[in-house]
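Here is a protein model to read through question by question.

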Amino acid sequence: MPVSLTIDGQQRSLAVADDMPLLWALRDIAGITGVKFGCGAGLCGACSVLVDGERQFACQTPVSAVAGKAVTTIAGLTGQPLGKALAAAWEELDVVQCGYCQPGQIVAAAALLKANPTPDDAAIDEGMSGNICRCGTYNRIRAAIHRAADTIKA
Amino acid sequence: MTISPATSRRAFLAGSAVLAGALVVPLHRALSTAPAQLSANGYLAVLADGKVSLALPKTEMGQGIMTALTMLVAEELGLAPTAIDVSIPEADRARFAPVDTTTGGSTSIRELWKPLRQAAANARMALVDAAARRWKVMPDGLTLADGAVTNPATGQRLAFAALVADAATRVPTDAVPVPPSAWKVIGRDQRRLDSAGKVRGTAPFGIDVQVPGMKIATLAQSPVFGGKLAGHDAAAARAVPGVADVVALDDCLFVTADSLWTAKKGLEAAAPRWNEGANAGLDQAQVDAALTAAVARPGVTAKAEGDLAAARTGAARTVEALYHQPFLAHATMEPGNCTAHVTPQGVEVWTGTQVPSDARAAAARVAGVAEDKVRLHNFLMGGGFGRRLETDMVERAVSLAAKVPYPVKLVWTREEDIQHDMVRPAYADRISASLDAAGNVTAWEHRIAGSAVMARFLGDKFNGVDDDAVDGATAPLYPAKARLVTFKQVESAMPTGWWRGVGGLRNTFVIESFADELALAAGQDPLAWRLARIIDPRARAVLQKAAAEAGWGKALPKGEGLGLAVLHIWDTCLAAVAHVKVDAQRQIAVPQVTVAVDCGPAINPLGVKAQIEGGVIFALSAALYGGVTLDKGRIAQSNYNDVRPLRMNEAPRVITHVMPTDNAPGGMGEPPAAVIAPAVANAIFAATGKRVRQVPLQAGLESA
C-alpha cells in the first residue's frame with residue numbers, strides 16, 4: 001500500500017514497504033537529499049526532520065508511522081520564517097565546515113526554538129545533544145541559535 | 001595540452017545531462033557559461049563575459065580551501081571573492097600539473113600560495129596593459145576594481161569583458177603580485193563561499209548524486225581482515241521486493257536495489273558466510289605487545305646527531321617513558337560512497353574524494369580501461385580527515401558497476417564504514433632523555449614503532465623510515481647535545497591510512513607530554529622549562545601568548561589544571577593551553593582551550609579560527625575517547641555509540657589568537673588537531689598528579 005503524507009507542504013504518495021524508514025523513502029524514493037544519512041541508528045541526528053513540528057530521526061521512523069502527517073525537511077524549513085532566521089544566523093556566523101550535519105542541526109534547532117524561543121546555553125546543549133558534528137562547529141552552532149532566537153524575538 | 005576551464009566546463013555540462021540537477025554548484029548560484037578568453041593557467045581564466053573562473057585545484061572537505069584560494073585570486077584581480085565563479089572540476093591530472101590536486105597534509109595553501117597568485121597577477125597585468133594600450137597611457141597609474149580597469153586621471157573605465165580579448169593576446173608570466181601593504185582581501189575575515197547551499201541542504205555531496213536509471217547498493221566485506229566470501233543465499237536476497245541483483249566477489253558481497261534500506265535487507269537475507277583466514281585469532285593485545293616489543297631496541301635511523309653515549313655520561317638524571325596511541329576510525333559524517341557507471345564506452349564516476357587523480361586512475365585500473373576512458377566528477381565531501389585519501393570506495397563501486405548494466409550508487413552503512421576504515425595506525429613510542437643539573441637535555445632518544453602508511457605508496461622506494469611518521473620528531477623544539485630518532489615499521493592485519501594531524505600529531509603527543517615529564521624531573525614549571533630551552537622565536541611567541549591569555553600560573557580549584565603544548569610543524573607554529581577538570585570519579589571535562597597560532601599571513605583569519613575550533617574538538621574526541629580495537633581479527637566498534645565524538649555539551653570553548661607574521665604561509669588543517677592530546681594530558685597531570693601515557697586519555701586515567 002502506498003503511504004500518503006505531506007512533505008514540505010506537498011501531498012505525496014510513496015510506494016514503499018511499510019517498514020522502510022522515512023530517511024530512505026525521502027532520500028532514495030522521493031529524491032529529497034537535504035536529509036542526510038549519517039549512522040542509521042538514531043545516534044547522530046543528520047537525518048533530523050520535523051513530523052507535525054516535532055523533531056524525529058528519519059532513520060528510526062518507519063514510513064508507516066508518518067502516514068497522514070506533515071513532514072518538514074530542511075528544504076521546507078528554510079522557506080519558513082524560523083528556518084530563514086536559522087539559515088541566516090548560520091551564514092552570518094560562518095558556522096559550517098564540511099556542512100554535512102548542518103541540515104540536521106538546523107532542523108533540531110528549529111524544534112528547540114519552537115519549544116523554547118529563548119533557550120540559554122544549557123537548554124541549547126540539551127536540545128542539540130542528539131546531533132553530532134565531526135568538524136567541531138558546536139560553539140558556532142550554539143551562537144547561531146542564540147542569534148536566530150534574537151531575530152525571531154525582534 | 002592545456003584544457004581551458006571553459007572547455008572542461010562544457011564537457012562537464014554535456015556529460016552531466018544525465019545528472020538530473022545534481023550538478024555541483026558550490027556557490028549556490030548559476031555560474032557563467034561564457035567561454036574562456038584569457039587562460040591564466042589550466043584552471044584560472046577570465047571568461048569572454050568578463051567573469052573570472054576558478055576550477056578548484058584542491059578539494060573541499062570542510063577546511064575552507066575553496067574560500068581561501070578564491071581570496072588569493074580576488075586579491076590580484078581586484079574582485080570580491082563572492083564575485084568569482086568557483087567550481088569543483090573533474091579529475092584531470094594533466095590540467096592541474098604541476099599542482100597535485102591531492103588534498104592532505106596541510107599542503108594546499110603552501111603549494112598554491114605562489115603559483116595561484118602569480119597566475120592571477122599575470123591576468124591582472126594583461127588586463128591593465130590592454131586598457132593602457134586602448135587609452136594610449138602608461139599602465140602604472142591604472143587601477144583595477146569591481147571587474148573593470150579605471151584610469152583615475154581621466155575617469156575612464158573599461159570592464160574586463162571589453163578588455164579580455166585584447167588582454168589574452170599578451171599575458172605576461174612575471175607580473176608582481178600585490179604586495180602585503182596593499183592587500184585588501186588577504187588577511188581580512190571572509191565568510192565561507194559554500195555556506196548557502198550547505199545550510200539549506202542543496203549543496204550536493206557525493207552521496208546525494210542521482211543518475212537516471214541508477215540502483216542503490218550496499219556491501220558486506222569480510223568482517224575479519226583478509227577473509228574470503230565462503231557462501232551466501234542469493235535467492236533469499238532476490239526474494240526481497242525491490243532487490244535487483246546480488247554480486248559476489250572474492251572478499252565482498254553487494255546487493256543492488258531501489259533504496260539503501262532494501263539493499264541492506266537483501267544483504268541480511270543473503271546472510272554471507274566467510275572463511276575468516278589467518279587473522280581470525282588476532283586481538284588488540286597482540287598488536288600492542290608487538291609495538292611495545294618493537295621499541296625495546298632502536299629501529300631504522302631517522303636522525304642521528306652527536307655522540308649519544310657521551311651525552312648520557314654524567315647526566316644529573318635520566319627520564320624514560322613508554323607511550324601508546326590507538327588505531328583511530330575517521331568516522332566522517334558522510335559515510336563511504338561512490339557512484340559508478342561502466343559501459344563499453346568507458347567509466348563515469350561520481351564521488352567526493354581528496355585524491356581525484358588517483359581515484360580516476362584507480363577506477364581505470366579496476367575497470368581495465370585507459371585513464372582517458374574514465375570521467376570522475378568530484379563533489380563536496382562530508383568530512384575527509386584523511387579517509388578520502390584512499391580509493392577503496394571508488395574501487396569497490398567500479399568493481400560492482402562493471403558487473404551490472406546500470407549506474408549504481410554504492411553506499412557503505414555506518415557499521416561497514418567504521419569496520420572497514422583504513423584506520424590511523426596504532427603506535428608505541430619509547431623516549432628517553434638525560435638532563436644536566438640545570439635541566440638542559442644532553443641526550444635524547446626517541447624510538448617510534450607502528451604501521452608505515454607511506455610504505456604502501458612508496459613500494460620498493462621505501463627505505464625503512466616513514467617520513468610522515470617521524471615528522472616533528474626528528475627536529476623537536478628542544479635542543480640536545482646528541483639525538484637519535486628511529487622508526488620501526490610494524491604492520492598488523494589492520495589496514496592503515498592517514499588521519500587528520502598525521503604523524504606530527506602522534507609525535508606531538510609524545511614529545512609535548514614528555515617535555516612536561518622533563519620539566520617535572522628538573523623541578524621546573526612546564527612553561528618556564530620550555531621557554532628556557534626553546535630557541536625557535538616563533539614557537540616561543542605563540543607559547544607565551546597562549547600561556548598569558550590562558551592565565552598560566554593562576555590558582556585553580558582542586559581537581560582542575562592547565563596543560564600546554566606547542567609545535568612547529570607544517571610551517572606553522574601553534575600553542576594550546578587546555579583547562580581540564582577531573583571529578584572524583586576520574587571523569588575528564590575540558591571546558592576551555594586557548595590557542596595561539598602563527599601560520600604566516602593568515603589568508604582568511606576567520607577560516608583559520610574555524611580550523612582551530614574544529615581541529616581542537618575533532619581531535620579532543622579521539623584524545624579522550626578514541627580508539628578502535630581488533631577483536632578476533634575484526635574491528636570491535638561499529639557506530640557513534642562506541643566511536644564516540646564529543647557532543648555540544650562536552651565541547652570546550654575555544655579561544656583563538658591569530659598572530660599573523662610575514663613568514664611563508666603554513667598549513668592549518670593538521671596543527672590544531674595535533675596539540676590537543678598532550679595539552680590535555682599535561683592538564684590532567686596538573687589536576688591529579690597522574691601522568692597518562694596512553695590515548696584514549698579517559699580510559700588511561702581510569703587505569704592509572
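Q: Which way do β14(B) and strand β19 (residues 427–435) of chain B run relative to each other, parallel or antiparallel?
A: In this predicted model, local features need pLDDT of at least 70 and side-chain atom pairs count only at pLDDT 80 or more, while totals for chains, interfaces and linings use all residues. Residues are numbered from 1 along each chain as its sequence is written, and chains are lettered from A and ligands numbered from 1 in the order in which they are written. Strands, which are DSSP runs of E of at least two residues, and helices, which are runs of H or I of at least four, are numbered from the N terminus, and two strands pair if DSSP finds at least two bridges between them. β14(B) and β19(B) are joined by nine bridges, and their sense is antiparallel.

Q: Which strands stand at the edges of the open sheet of five strands in chain B?
A: The order in this sheet is β13-β21-β20-β19-β14 (chain B), and the pairing is mixed. Two of these strands have a single partner strand each, so one side of each is left without a neighbour in the sheet; they are β13 (300–305) and β14 (317–325) of chain B.

Q: What angle does the direction of helix α9 (residues 284–294) of chain B make with that of β19(B)?
A: Contact here means that the C-beta atoms of two residues, placed from the backbone, lie within 7 Å. Angles run from 0 to 180 degrees between N-to-C directions, and axes are lines fitted to C-alpha atoms, for helices over the stretch in contact. Helix α9(B) packs on the sheet, touching β14, β19, β20 (441–450) and β21 (482–489) of chain B, and its direction makes with that of β19(B) an angle of about 30°.

Q: Which strands stand at the edges of the open sheet of seven strands in chain B?
A: Here the order is β10-β11-β8-β18-β15-β16-β17 (chain B), again with mixed pairing. Each edge strand has a single partner strand, so one side of each is left without a neighbour in the sheet, and these strands are β10 (243–249) and β17 (374–378) of chain B.

Q: In β17(B), which residue is the bridge partner of E348(B)?
A: Strand β16 (residues 346–351) of chain B pairs with β17(B) in the parallel sense over five bridges. Within β17(B), the bridge partner of E348(B) is R375(B).

Q: Which element gives the largest share of the side of domain 1 of chain B that touches domain 3 of chain B?
A: In the contact, 19 residues of domain 1 of chain B meet 21 residues of domain 3 of chain B. The elements giving two or more residues to the domain 1 side are α2 (65–77) and α4 (108–135) of chain B. The largest share, four residues, comes from α2(B).

Q: Which element gives the most to the side of chain B that touches chain A?
A: The contact takes 50 residues from chain B and 45 residues from chain A. At least two residues of the chain B side are supplied by each of α6 (195–200), α8 (260–270), α18 (605–625) and β27 (653–658) of chain B. With seven residues, the element that gives the most is α18(B).

Q: How far apart do the C-alpha centres of domain 1 of chain A and domain 2 of chain A lie?
A: Chain A is divided into domain 1 (3–76) and domain 2 (77–153). In their contact, 19 residues of domain 1 of chain A meet 16 residues of domain 2 of chain A. The distance between the C-alpha centres of these two domains of chain A is 20 Å.

Note on methods:
Domains from an automatic or database assignment.
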